[in-house]
Amino acid sequence: MTETATEITRLETFLQDHPTIKYISPSSDNYASAHKCWNGARHDKPLAIVQPQSHADVCTLIKYVKSKSLPFTLRTGGHNLEGRAVVERALLIDLRLLAGVTIEFDRKSAVIQGGTLQEEVGNTLWKEGLGTATGSIPSVGYVGWATYGGYGPFSSHWGLGADQIISATVVNPDGEIYVADQDLLQGIRGTGGLFGVILELTVKVYPLHKLLAGPIVFESTNIKETFIAFNAEYQKLESEGIPAKLTVQQTIFNSSHGAAFAVQFVWSGEILEDGQHWSERIASLGPVLMNGVTPTNLPDWFAGIGAHIPKTVYGSPFSYNVSSISPEVAESIGNGIAKMPNNPGTMMSMHQLRGNALQCELSSVFEAREPHFMLEIIGFSTDSALQQEAEKWAAEIAEDLVKVAPDALLPTHYISVFNSIAQASSPTEWVDKTYGTKVDTLKSLKAEFDPENLFALTVPTLR
Ligand SMILES: Cc1cc2nc3c(=O)[nH]c(=O)nc-3n(C[C@H](O)[C@H](O)[C@H](O)COP(=O)(O)OP(=O)(O)OC[C@H]3O[C@@H](n4cnc5c(N)ncnc54)[C@H](O)[C@@H]3O)c2cc1C
């Protein structure tokens, strides 16, 4: 019997005593679909897949993997851009059956279960006239998004995802339920699953009854010039002051007419007329092809964005934080987007850290608090045969930025989009580049809460 077969037999015997834990064996019909991640280029195959249905099931599983020294990974939405939720021959603990959102009595916070997707968070709160910081892709896991930082359409108004976390319940390396103390919370706000399985997060919520949102697509025949001109005008507007209730995300995507430059406009303030005024100001920064900004609701808005994101892609990302879209940065990105391969999986997006995301009174190991744009250069393709072309395109933009605009590149990186292999020479450099001055805090928290490194295959990898 091979080692793998022995491990599977042992696991199956154990699961017979724990029938509430759902099991997907490597020979199950749904094994392939159950471990599929957003990045289809991740070819690793897990030992098997288990789906806990209760907090007690998670404790049971963690005690089991520890007692057998069995490598394991955690997965929720499967949207880690490198597909890190799946590792060859490691047991995959799929948390998606542990989903749900409960609004607290005072309506100032909500408890979000560890396996909940963004869509369920936003939509449940919306029905109650509430909102919180979320990302914009409905199928991304909420915990995976929020705990590593969490940039999104409400960042300027309410802060990052990590800034909303006021308490967390985890299953620790001993398989016990533990309510995080302030030290552990500091680590969870920035490094997610490094210390344990997050069963629940309690997050801040805010009144949200209205939403004015949608894309403003600019004339993109000469996309480089459009991009450069927009950013020059946007900088002027910013110097006059842009309200925090407005979050603007620049995107470059492939439409049926080729590459297009657009702004995702989200106004989450109460007074829609003010938002309308701002949508006109943003639209005035370039020649508009289509202005889709309209009063909407969160479920429709999520659905609209989700419909444009391919379900499976092949490739890798690159990311930099830049202090501003200076003329050099704009020229470099402009040159890159003019050469973007024509595939729906290839795109670029720019989140801006401004407004109320610039500071947070809660301690965290999230490092990048200076004003910046977080560049997501999505070197992916929906066609695996075109993966290399997309990756080469993304790598060339990243290389050119280093060459022509080194002063604009910040030392901080965003772990969820950073390319841990191409942009770092080792796991140590990966961690150093993403956590900067917070690395020592991170390491001492790891030594305190997971001294044996049971959670070794999480994001990030510390040793
Ligand atoms: C199309 C797309 C768009 C994106 N847009 C944004 C964006 O706008 N803003 C932004 O900030 N990021 C964005 N991201 C990045 C995304 O937020 C992160 O990759 C996030 O970690 C994905 O979470 P997941 O649960 O979907 O992924 P998974 O691959 O399932 O999980 C990633 C890792 O998170 C950890 N984890 C997940 N759940 C738990 C848990 N309950 N307990 C402990 N650890 C856990 C594990 O270590 C796991 O390996 C985007 C990614 C994609 C693919």
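Modeller: Arg 369 and Asp 163 are both buried, where buried means under 20% relative accessible area, exposed over 50% and partly exposed in between, with a 1.4 Å probe and protein chains only. This is a predicted model, in which local features need pLDDT of at least 70 and side-chain atom pairs count only at pLDDT 80 or more, while totals for chains, interfaces and linings use all residues. Residues are numbered from 1 along each chain as its sequence is written, and side-chain values use heavy atoms, with hydrogens and water left out.

Colleague: What makes the contact of Arg 369 with Asp 163 a salt bridge?

Modeller: A salt bridge requires a side-chain nitrogen of Lys or Arg within 4 Å of a carboxyl oxygen of Asp or Glu. The closest N and O atoms of Arg 369 and Asp 163 are 2.6 Å apart, so the pair meets the definition. Arg 369 lies in the loop between strands E18 and E19, and Asp 163 in the loop between helix H6 and strand E8, so the pair ties together parts 206 residues apart in sequence.

Colleague: How do you know whether Asp 94 is buried or exposed?

Modeller: Asp 94 has 0% relative accessibility and therefore counts as buried. Its salt-bridge partner Arg 96, at 2.8 Å from N to O, is partly exposed because its relative accessible area is 32%.

Colleague: Why is Glu 82 called buried?

Modeller: Its relative accessible area is 15%, so Glu 82 falls under the cut-off. The side chain of Glu 82 also meets that of Arg 84 in a salt bridge of 2.7 Å, N to O.

Key:
Helix = DSSP H or I, 4+ residues; strand = E, 2+ residues; numbered from the N terminus.
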